[in-house]
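Here is a short tour for someone opening this model for the first time.

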Amino acid sequence: MQVQSSPEVHDVVIIGSGAAGGMAAWNLSRQGVNVLVLDAGRKFQRSKFWTHVKPWDRQYRLGLGQRPPEFQLDIHEQPYTWRKGDYFDLIRVWGRGGKTNIWGRVSLRYSDLDFTSAERDGWEIPWPIRYKDIAPYYDRVEQLIGVCGGDDDQDSLPGSKYLLPPPAPRCGERLLQKAAHNIGVSVVAGRRAVLTKPHNGHPACHYCGSCGKGCDVGAFFNASDYLMEPALATGRVKVVDNAVVARVLVDGRGLASGVQFFDRHTGAEHTVRARVVVVAASCIDSTRILLNSKSHQFPNGIGNSSDVIGRYLCEQIRFHMYGFLPELMGGPVQNDDGIGGAHIYMPRFNHRDSRKRDYLRGYGMQFWGTGAQDNANFAKQLPGFGVDLKTAIKKRYPALVALHPYGETLPRAENRVRVEGTPLDRYGIPIARIEYKIGENEHKMAQEMYATAEDILRSAKAEILPFQRGSLDVAGSAIHEHGTCRMGADPKRSALNGFCQMHEVKNTFVVDGAAFTTASEKNPTLTILALAWRATDYLAGELRAGRIA
Amino acid sequence: MPAEDCQEVNLFYQGIILAVMKTRRAALRSLAAATSLPLFAQHHQEEAQVHRPSAPKYFSAVDFRVVTVLVDLILPPTDTPGGADAGVHFYVDNTVAADPSLQKDFTEGFAWLGAESRSRHSRSFAALTATQQVAILKTASEAPDTPPGRFFTCLKNLTIDGYYSSKEGLVRELGWHGNTYLAEFKGCTHPEHQV
């Protein structure tokens, strides 16, 4: 098939339009830089979301053969593979805004506990930046996108002057907070990228709790409405949708010269030329593109003489524990929807006491699914059947609380993404193979995570649903992949500098979760936004000064 | 056009929220909460009749009778609807129709129910008294690691899914009134719950 290449040389080509790519497009275009964004899908139509479709109507519609918009990429369309015995559940969203269409909106600032962790415990390398470098960018991101939360900050959860008012906790959350307080564990207001007041032209949340189906009014940050649309309005952004990027192309000087992509549906091959390439396709997809970008100068993939790219994949460990609070059993049913997901958060505390621990790093805790839900899945764990079961379900329904701690995973060289010898996708490009296994450190941390969760529930005198101590959610299900193109001070042990710029390829930037040096116990998206803003400020400055291209 | 579209709520942005309230209680709460907003209380139609198929897709008439009995045994009608009232027998039929591994589980499960019924009472399961049916189901439920036990768990989970996603189960039985439009979220207002 004919390769379609355009002679035009774009200033910047951005691969991906999610949190990272959207931020790059927004920040570069408003500084006068012309950008071309390549997105693997197209815009999701808010008017088609099933946000307000009730569970019974959903059944009816499905029975008629209707389907809600499908956010998640089908593995049959674009396979990936994993090492036998180590399944990795990779969730990808191909379309404008990427995973921010359906993300959890948890927006926690990383602290110097994260940036300097390797300095203190010696495991792998520290970040090449510190909190003071990124703090002004956290400020800007929160003001731009709107994050609600409290002023109850801690050393593991830096505070902010820019938060919108936090939503009132639910009864179950208040009681959990009280129970945790009684055993010396601090639970604060959650920090969520949900608008509790109208913000920058976006409407406030109306507390339907149905965010997971996509918000049909755009009341939480998504990169399509909040970044891509304003970027397009500058007139300096072009988007090619349904563009499945395969490789970054390299010229004779060892610099990126452009991008090769395939039309998602027709399979037609295209190349576009660029002075700068910004890779933001999401950790695993970006890494696959970089590793497939082989050339004479970079036989191991662009910018990968260090052999770091693809390695140090981190997810986060997590489990769920459920209980019923005595104060709420058999009580009135409230509307517990709120802003969808927890209104509270337990910051990491295990670095503060004098207890000796047999593991490194730490964990925080979330509390999604507390209160009256639009289902009674907990009922499957209650014994028996008949009137007694029905009565038991009804009694417990308003009293449900859910705890799920998230733990930091150590970066390991053998946890990696590779493309050698993998099958080809429908466009003839090697697919990603994920080799990932958590280690002793995580298993030991998990024991304490279980103990803390159980202690909180015991303090609350909760009826605790049976659980299997030590059991963890399947790898990939926290959907927090990071680390496979990490930044660092030493080019032999990292692929990027603190501005997400490749050490070896000055005109190539990797601005999504792949750039992270450590995983933290906290959710990464706010930090992805801050790093991408900071990286593109630097890039814009370098372009103006003529030091790149 | 599906029933949901007939009562689709129109939203006006920029701080004005059109609220369609499904219960008087919720309407009063919302009016109280939104005194500073112009509120359009639009008349909305009574919810369209819930749609039920007329015949099962997968189960034979005889087997469907057994499914109907089973969902009512697991979640019986009390002062609130039971499994069959909520159409859970159709939910089970629909789900099994789409899943060959479930079909296998049900074929084996029904074979066990039939064999157990004939062995104890020389009749088919559907012809037994409720007490006799409960006893057989109890045998299965108390042996979760056996094939009948696994069939019971599968059936129970399907019944729970079907019932508590129905209006009869989620709204009438449990009292869920979520996924609506609120101008403000009050959360917990009980002083005794505070830290």
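What you're looking at is a predicted model, so let's begin with confidence in chain B. Among the elements of that chain, helix 6 (residues 130-141) of chain B comes out with the highest mean pLDDT, 98, while helix 1 (residues 3-6) of chain B has the lowest, 32. Over residues 1-48 of chain B the pLDDT is below 50, although this stretch has 67 contacts in the model beyond near neighbours in sequence. Where pLDDT is low, the predicted coordinates should not be read in detail. Averaged over chain B, the pLDDT is 81, and 74% of the residues score at least 70. For the model, the scores are ipTM 0.93 and pTM 0.92.

Now for the build of chain B. The chain has eight helices and zero strands, giving the pattern α-α-α-α-α-α-α-α when you read along the sequence. Of its 195 residues, 44% count as buried. Take the contacts in chain B between residues at least 6 apart in sequence: 62% of them join residues at least 24 apart. The accessible surface of chain B comes to about 10,300 Å², and carbon and sulfur atoms account for 55% of that.

How do helix 5 and helix 6 of chain B cross? The axes of helix 5 (residues 100-121) of chain B and helix 6 of chain B come within 11 Å and cross at roughly 125°, so the two helices are oblique to each other. Their crossing is right-handed. On the helix 5 side, the residues that meet helix 6 of chain B include B:Trp112, B:Leu113 and B:Arg120; among their counterparts in helix 6 of chain B are B:Gln132, B:Ile136 and B:Thr139.

Over in chain A, two residues are worth a look. Are they buried or exposed?

| Residue | Relative accessibility | Class |
|---|---|---|
| A:Asp86 | 11% | buried |
| A:Asn182 | 57% | exposed |

A:Asp86 counts as buried because its 11% relative accessibility is under the 20% cut-off. You'll find A:Asp86 in the loop between strand 3 (81-82) and helix 3 (112-115) of chain A. Leaving out residues up to four places away in sequence, A:Asp86 touches A:Tyr436 and A:Lys437.

A:Asn182 counts as exposed because its 57% is over the 50% cut-off. This residue is in helix 6 (residues 171-182) of chain A. The C-alpha atoms of A:Asn182 and A:Ile456 are separated by 8.7 Å, with the two residues 274 apart along the chain.

Key: Residues numbered from 1 in each chain as written. Chains lettered and ligands numbered in written order. Predicted model: local features only at pLDDT ≥ 70, side-chain atom pairs only at ≥ 80, totals over all residues. Heavy atoms only, no water. pLDDT = per-residue confidence, 0-100. Helix = DSSP H or I, 4+ residues; strand = E, 2+ residues; numbered from the N terminus. Contact = heavy atoms within 4.5 Å. Buried < 20%, exposed > 50% of the residue type's maximum accessible area, 1.4 Å probe, protein only. Areas by Shrake-Rupley, 256 points an atom, 1.4 Å probe, with all protein chains shown as cover. Axes fitted to C-alpha atoms, helices over the stretch in contact; angles between N-to-C directions. Parallel < 35°, antiparallel > 145°, perpendicular 65-115°, else oblique. Left-handed = near helix turned anticlockwise from the far one by under 90°.
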